[in-house]
Amino acid sequence: MSAKAISEQTGKEFLYKYICTSAAVQNRFRYANVTTETDFDRLAQEHPWLLTERLVVKPDQLIKRRGKLGLVGVNLDLNGVREWLKPRLMKETMVGKAKGILKNFLIEPFVPHKQEEEFYVCIYATREGDYVLFHHEGGVDVGDVDAKAKKLLIGVDEKISEDSVKKELLTHVPNDKKAVLANFIVGLFNLYEDLFFTYLEINPLVVTKDGIYVLDMAAKIDATADYICKAKWGDVEFPPPFGREAYPEEAYIADLDAKSGASLKLTLLNPRGRIWTMVAGGGASVVYSDTICDLGGVNELANYGEYSGAPSEQQTYDYAKTILSLMTREKHPDGKVLIIGGSIANFTNVAATFKGIVRAIRDYQVPLKEHEVTIFVRRGGPNYQEGLRVMGEVGKTTGIPIHVFGTETHMTAIVGMALGHRPIPNQPPVAAHTANFLLNSSGSTSTPVSSRTASFSENRARVEASPAKKAKKLMVHWSFQSLETFISVNLSSVSVCNSFPFRVAKATTLFSKHTKSIVWGMQTRAVQGMLDFDYVCSRDEPSVAAMVYPFTGDHKQKFYWGHKEILLPVYKNMSDAMKKHPDVDVLINFASLRSAFDSTMETMQYPQVNATIWKFTPLPSSLRASLKRVSQSLDQQLLVGGIKPGCFKIGNTGGMLDNILASKLYRPGSVAYVSRSGGMSNELNNIISRTTDGVFEGVAIGGDRYPGSVFTDHVLRYQDTPGVKMIVVLGEIGGTEEYKICQAIKQGRITKPVVCWCIGTCATMFSSEVQFGHAGACANQASETAVAKNQALKDAGAYVPKSFDELGEIIKSVYDDLVAKGVIQPAEEVPPPTVPMDYSWARELGLIRKPASFMTSICDERGQELIYAGMPITEVFKSEIGLGGTLGLLWFQRRLPRYACQFIEMCLMVTADHGPAVSGAHNTIVCARAGKDLISSLTSGLLTIGDRFGGALDAAAKQFSKAFDSGMLPMEFVNKMKKDGKLIMGIGHRVKSINNPDMRVQILKDFVKQHFPSTQLLDYALDVEKITTSKKPNLILNVDGFIGVAFVDLLRTCGGFTRDEADEFVEIGALNGIFVLGRSMGFIGHYLDQKRLKQGLYRHPWDDISYVLPEHMSM
């Protein structure tokens, strides 16, 4: 869920439009908006009630407690409103710690009423359902409504009733108002559900004898429900919090985000700041902001944002140039720093995204040097070594100081370097290559038969003797964009501690080496990644048994199992797959956002399935809650899962194979972790593998406000798992689930060492609210702040570092202590089997080369924008080169002069058609009337083009050029052709003559004579025409001949071609292409004409056929 605040005007508009209640809601749509541009005379014309009623005016900028701040003008006329606005409109005001400008006001009718007619009502979402709060005393002095108000919990998928409202909420309301209030509250709750509100507060709600008045309103809606509510919401605007301006660059990035499958976010905090960030990943973006603030950079932090989800090179370029443009507008006396950071990517090609950033740096190299910008880069993931190399090279070539670091450097170490708190290492990064991890490091050519499946600190025989219990039901959600995973598991082995209010699984294992899955969707890359992981874990069989894809019939799909090729079955529907694979206990569902809910509900009905994993962007909270309720009714509990080293991995979890091997995820270690952020899971894998013996299991519950499971679901499971010796928790600002860990530690339910850190500590330092990358990363009360939770965890006995920078050190310290005590006994490493690298990835890395099967030099469609002969398609349209210019690019690889483009277009126009009697059109018509399709009919006509029909352009150009170039006089040329018994191509017409000239030729001749710099060959052909027409008037230079010789003049004299190039284009048949392209328009016209006229099958009449049979046959 992504809860975003809307303006009061928008909230009231939704209420007035869509609320369904018998209560008389007054003053519907009676509001007027005022800004600096407002013309009050026009405003009064649009809203006549402004001149007749007493008014209320207030700012509509997400400001709380406006009445107590003196920001509400009451009982005024329109002139009074204008006077009240004068000292306030566009004036800077302090609201709490936020300083902002008042620039948007709302005018409404003043409602005279008594104090006892004011009430308070609020509806908000929680994990358990939706709470309705009501207090019989509303207004500015309502006080602590959480303590005072009556509360009614409406459970997930439950319905509200007027009786329950009266019974639970309206006990202190006068009897004469109970009915109308109950009806209104029921209507309000239904509106809240239907339009996917997450928060809706009205204070005061006034009830008089005339009806109900909604005076002040505050609301948030679930932005992830846009695909459901778009028709009702319209293009809803989300205003920034008061104190933070809305910048056009933010809107630009938001628009890019909306048009992309990737995630692109930007919030400007202080455009004059010297510290700028460009961070990949929602969780990582919070961590970097935390570290900057922890090191004293809060007042200089210029922006918050993130890019993730594998953006393209162009998208990354657009994002990067926006950042660079903003940071180079105003100089800072100390220079500026740009931190390009991120955790270890799962599937994003780091080198590809860095290409976009490098392009932007090159474009802005001059202003970057003028503003003394230093860039610090730290990144990991697929092909990150190449990305870092390219980034380092651009620093050398541009002279911009760029320091690059990979996974060998702690993620946030570059922040300390950038801010001068730690030295910048002189040594370059390790010159490793992605491919290095895929080589057999043991030096043996043989492949190990198996690798260890027990914990790295356990005896293998012990584990085999006591296998972990298998979970009955398991459901997992994989989100590609946020890299989250939600799993639903039935905790079949449960013990309840009387002193601890949690149901806990003992030694419950989510996955084993025997887990089998079905993948819904044609996600071949994810499946191959799972199979490669299975292979290096020495599984006996692939973890993917089959795939389901409803858009094709049943078939087989090819994959690799180590060095071998295997076939996996693909089914059209899920039921067939389930029947044919009864051993499957996991379903991975890659359904789209719009079908994810329905497909997941279907999945829950298969009793054989222990796990369901579905890939999509976050669902609206109400739908997520419905899934949770259904899973619980089926004896399931929503949990989280990501990777079980040595056993099973979900989709792209853990990244590509190089990261799997580098982080030793092919065998279990002793440390289990649970994280909010999926993207940060890889970073935890890296940190844990470098500081301990590795990961036993890792899960990520996701950054949603109401995730599918909570931290204690996993921490307690780890506590009861013998192979887990220590636990790592990466929490986040927002929610209170971390306090349950504190309670469990204090009560002795958790005895294993727990290392905890909650990210988002920077939030309390900002003057205005910032919505971080995760929807749930927002504190609604002091106890939900990361600072408060870190302190509580520390007080409870957890190991809490001072910052994320120290997380690895704390983990290592705790691990070393456990090793010293003998709790962990590190075992000897077992090398994993080698897995060949895919050809496509090896090519991407530049490790191999292969001759291309095709070569092309006219078009490139691989990038963000289609390119014609080096010219981007946007430039093609901007330049208005037309069809002739486009043909010049694709046929001749040249940007032709304007007159040449026009000539080409004229040639296409004059050759488009010449009636139905010619052979090509005739064939097309016959074919069309035989019921053939357009392509077949067009081809039938085109096949008639040759020397006798339409194909004389090339031949005429060649004959005339050869004669002219050899120095023959026109008469000599005519005599030679006659002597050789050859026709002069391009001379002669069946109908037209010197006395009945072809107007097509005349039009072209006038244009050529006026615009071409030279017409030597045309003049030569016209001299030939004089000779031939003197013998016979119809031996004219026809349209084919004219175009042929004129085109030779064009190629030779336009300045774009050498003589050899011009002759080559004639030789290879380019000129005939003009006739083919032009006449295709006419053929298509004849086809459409015959279909439109509904002409039947053509049969040639007998009287038009001369039957001449041999005499001996006729006798």
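Start in the middle of things: select V729 and F804, the residues with the most contacts inside the largest nonpolar core, which has 100 residues. A nonpolar core here is a set of buried Ala, Val, Leu, Ile, Met, Phe, Trp, Tyr and Cys residues joined through side-chain atoms within 4.5 Å; buried means under 20% relative accessible area, with a 1.4 Å probe and protein chains only. Next, colour helix α16 (residues 524–536), which supplies seven residues, the largest share of this core. Domain 2 (248–422) and domain 3 (640–824) each give the core at least three residues; the domain bounds come from an automatic or database assignment.

You are looking at a predicted model, in which local features need pLDDT of at least 70 and side-chain atom pairs count only at pLDDT 80 or more, while totals for chains, interfaces and linings use all residues. Residues are numbered from 1 along each chain as its sequence is written, and side-chain values use heavy atoms, with hydrogens and water left out.

Stay with V729 and show its surroundings. Which residues does V729 touch, not counting those up to four places away in sequence? They are V674, F711, V715, I741, V754, V755, C756 and W757, where a contact means heavy atoms within 4.5 Å. Then select C901, F960, V974 and I1043, which are among the 62 residues of a second, separate core.

Now zoom out. The chain has 39 helices and 41 strands, which are DSSP runs numbered from the N terminus (helices: H or I, at least four residues; strands: E, at least two). Of its 1115 residues, 56% count as buried.

Select strand β14 (residues 263–268) next. Five of its six residues are buried, so β14 is largely enclosed by the rest of the structure. Its antiparallel partner is strand β16 (residues 303–308), joined through six bridges; strands pair if DSSP finds at least two bridges between them. Within this pair, T267 has Y304 as its bridge partner.

Move on to T353 in helix α11 (residues 350–363). Is T353 buried or exposed? With 1% relative accessibility, T353 counts as buried. Leaving aside residues up to four places away in sequence, T353 touches P311, T316 and T348.

Finish at an open, antiparallel sheet of three strands, in the order β39-β40-β41. Strands β39 (859–860) and β41 (871–872) are at the edges with a single partner strand each, so one side of each has no neighbour in the sheet. Two bridges link β39 to β40 (residues 867–868), and D860 lies opposite I867.

Key. Buried means under 20% relative accessible area, exposed over 50%, partly exposed in between (1.4 Å probe, protein chains only).
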